[in-house]
Amino acid sequence: MRMAQGPAMGEPTKIDNSLLAGAGGVILGEARTNHQGRKAILMVRDGENSDEFEALVVTMGIEIVERLNQTGKEDPRSYFGKGRLQDVADELAATVDGHPWQSVDLVLIHNNASARQLVAISDAVKVEVWDRVRLLLSLFTSHASSLEARTQVRIAQLQSDRTILRELVNLQTTGERAGYGASGATALQAVMENLNREIASLAKRQRRHANAQSERRRQRTRSGAQTVGIAGYTNAGKSSLFLALSGKEVLIEDKLFSTLETTVGRLEASPRVLLADTIGFIDELPNATLEAFRATLSEALECELLLILADASDTPLELERKLFTSRREVFERLFGEELDDDFPWRNDEMSVKQQIMVVLTKIDKATPQQLEEAKATVAALALPEPILISSHSGKGMQNLKDRILFYLFGPPLHLQILPPENYATERAVAGYVSDLHNAGLVTDYLLLEDGSVEMTIWVSEAEIAKLLAKSGSRIVIK
Ligand SMILES: Nc1nc2c(ncn2[C@@H]2O[C@H](COP(=O)(O)OP(=O)(O)OP(=O)(O)O)[C@@H](O)[C@H]2O)c(=O)[nH]1
Ligand SMILES: [Mg+2]
């Protein structure tokens with residue numbers, strides 16, 4: 001079954017998979033969303049660390065029954081040696097009852113393989129093959145729940161399929177690969193055309209969505225709202241912080257890529273301060289794939305203040321890798337160019353740096369020594385001094401809120417709203433209170449016996465100036 005997304009996707013065409021029977025184990029256009037319970041073999045080279053890859057696999061409920069390592073010179077055509085791949089194929093074909101490889105129907109490759117390598121490997125092992133990118137795409141497909149996420153994931157998947165199709169067409173036309181011969185190549189061309197049409201139609205839908213999104217963003221800016229973006233490596237704790245600050249329910253899971261789209265909420269119900277939770281970063285996602293998430297990401301990254309989150313309980317090496325990636329993604333997205341690794345920062349980079357706060361999360365799980373090391377890692381990457389928080393225990397949350405509000409508004413104001421001298425002709429205190437709630441974020445509120453109200457409010461200079469002018473002298477700054 002290909003169209004697991006159902007009619008909501010509204011694709012104009014369906015690609016007939018039977019045409020792709022000769023595509024080896026590279027299943028094109030695969031839209032299976034549930035891989036729970038599948039068994040796989042993982043192949044790595046030169047003892048590379050595959051922890052993150054394996055965590056992605058576990059997230060999908062797939063069991064890795066064996067990890068095979070190959071050392072020595074890389075075969076440029078098939079990445080692994082031909083002999084080794086043949087051994088794997090034989091073993092997969094010969095499984096008998098009780099063999100750990102029984103019902104293995106997936107071979108995982110721990111790298112981003114070229115289309116040529118993917119085809120060569122799957123031709124050799126004769127089961128479905130995923131490299132790191134195909135693993136991520138399958139993971140995104142199974143986690144995508146909103147229409148927006150499904151559209152962008154499908155585009156990314158189809159774009160990746162297209163490179164494999166091109167390779168298949170190429171190999172068949174040159175006769176380098178057995179298949180359906182010339183008619184096979186024509187059939188593949190037809191599939192390619194369908195695929196292009198589907199991409200074009202999805203891209204149109206995505207553009208419409210992106211336009212609606214940027215219109216909403218413009219409206220928010222016009223209404224004077226400021227946005228705080230929440231970015232960071234996947235699983236850093238972004239959605240947990242978003243929930244803690246906004247009270248708006250979002251999916252929080254100990255899984256990589258629980259979040260695939262941007263959700264906007266209000267900081268403590270203030271219409272003036274918005275928070276945006278979004279998809280996380282990960283290393284080495286090809287540009288074509290990232291491109292599919294551009295609109296979503298930009299909704300969170302184009303903001304007045306950007307929080308870059310990192311998990312304080314990670315090992316120093318992991319923390320450095322994830323922060324490095326987050327920093328690079330943020331800068332590339334904001335400048336459209338690669339970040340200079342030389343320090344000090346260039347002037348334009350400095351101005352972005354001022355828009356950034358680094359937030360170390362999950363400090364309830366970190367030892368004091370880990371926290372010290374984490375701070376040193378942040379400093380070594382020339383990022384601003386981090387703010388330490390735990391969304392679970394609440395530690396550091398008040399400080400973070402104050403720092404955000406101070407950044408957006410400067411110091412808070414203490415005000416008094418005086419009761420009217422003539423209740424019949426003048427506006428009631430409640431009217432001004434309501435104006436102030438709309439203009440900023442009220443943190444303290446006290447109704448006095450004489451009917452006046454005292455409050456502490458974080459508000460922009462422009463907004464308070466407007467209200468003061470309108471109030472006669474009923475609003476007094478203390
Ligand atoms: N101990 C502890 N765990 C936390 C904290 N914040 C988040 N977590 C856990 O970390 C995991 C990931 O949290 P999320 O908030 O989903 O992280 P995310 O960055 O939104 O992840 P993705 O959307 O998947 O990229 C969940 O299991 C959370 O319960 C914290 O302050 N302390
Ligand atoms: Mg999330």
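Buried, as used here, means a relative accessible area under 20%, exposed means over 50%, and partly exposed lies in between, with a 1.4 Å probe and protein chains only. By that scale Glu268 is partly exposed, with a relative accessible area of 40%.

This is a predicted model, in which local features need pLDDT of at least 70 and side-chain atom pairs count only at pLDDT 80 or more, while totals for chains, interfaces and linings use all residues. Residues are numbered from 1 along each chain as its sequence is written, chains are lettered from A and ligands numbered from 1 in the order in which they are written, and side-chain values use heavy atoms, with hydrogens and water left out.

**The loop between β6 and β7**

Glu268 is found in the loop between β6 and β7 (273-277), where helices (H or I, at least four residues) and strands (E, at least two) are DSSP runs numbered from the N terminus. Although Glu268 is not a glycine, it has a positive phi of about 45°. Ala269, which lies in the loop between β6 and β7, is likewise not a glycine and has a positive phi of about 65°. At 54% relative accessibility, Ala269 counts as exposed.

The magnesium ion (ligand 2) has Ser239 (OG) and Thr259 (OG1) as its protein donors, at 2.0 to 2.2 Å. Donors are N, O and S atoms within 2.8 Å of the metal (3.2 Å for Na, K and Ca), and water is not among the atoms, so sites may look incomplete. The pair links distant parts of the chain, for Ser239 belongs to helix α7 (residues 238-246) and Thr259 to the loop between α7 and β6 (263-266), 20 residues apart. Both Ser239 and Thr259 are buried.

Ligand 1 is surrounded by 21 residues, of which the closest are Lys238, Ser240, Ser258, Thr259 and Asp364; a residue is near a molecule if one of its heavy atoms lies within 4 Å of it. The table gives polar contacts, pairs of N or O atoms within 3.5 Å (within protein, one must be able to donate a hydrogen and the other to accept it, and residues adjacent in sequence count only if both atoms are side-chain atoms).

| Residue | Atom of the residue | Distance to an oxygen atom of ligand 1 |
|---|---|---|
| Ala236 | polar backbone atom | 3.1 Å |
| Glu253 | backbone N or O atom | 3.3 Å |
| Lys362 | polar side-chain atom | 3.0 Å |

Of the 650 Å² of accessible area that ligand 1 has on its own, the protein covers 92%, as given by the Shrake-Rupley method with a 1.4 Å probe.

Thr262 lies in the loop between α7 and β6 and, at 11% relative accessibility, counts as buried. Its side chain makes a polar contact with the side chain of Thr278 (2.9 Å), and a polar atom of the Thr262 side chain lies 2.6 Å from the backbone oxygen of Thr296. Thr296 is one of the buried residues of α9, along with Ala295, Leu297, Ser298, Glu299, Ala300 and Leu301. Helix α9 (residues 294-301) is mostly covered, with 7 of its 8 residues buried.

**Pro412**

Pro412 lies in the loop between α13 (397-409) and β11 (413-417), and is partly exposed, with a relative accessible area of 28%. From C-alpha to C-alpha, Pro412 and Gly440 are 10.0 Å apart in space, and they are 28 residues apart in sequence.
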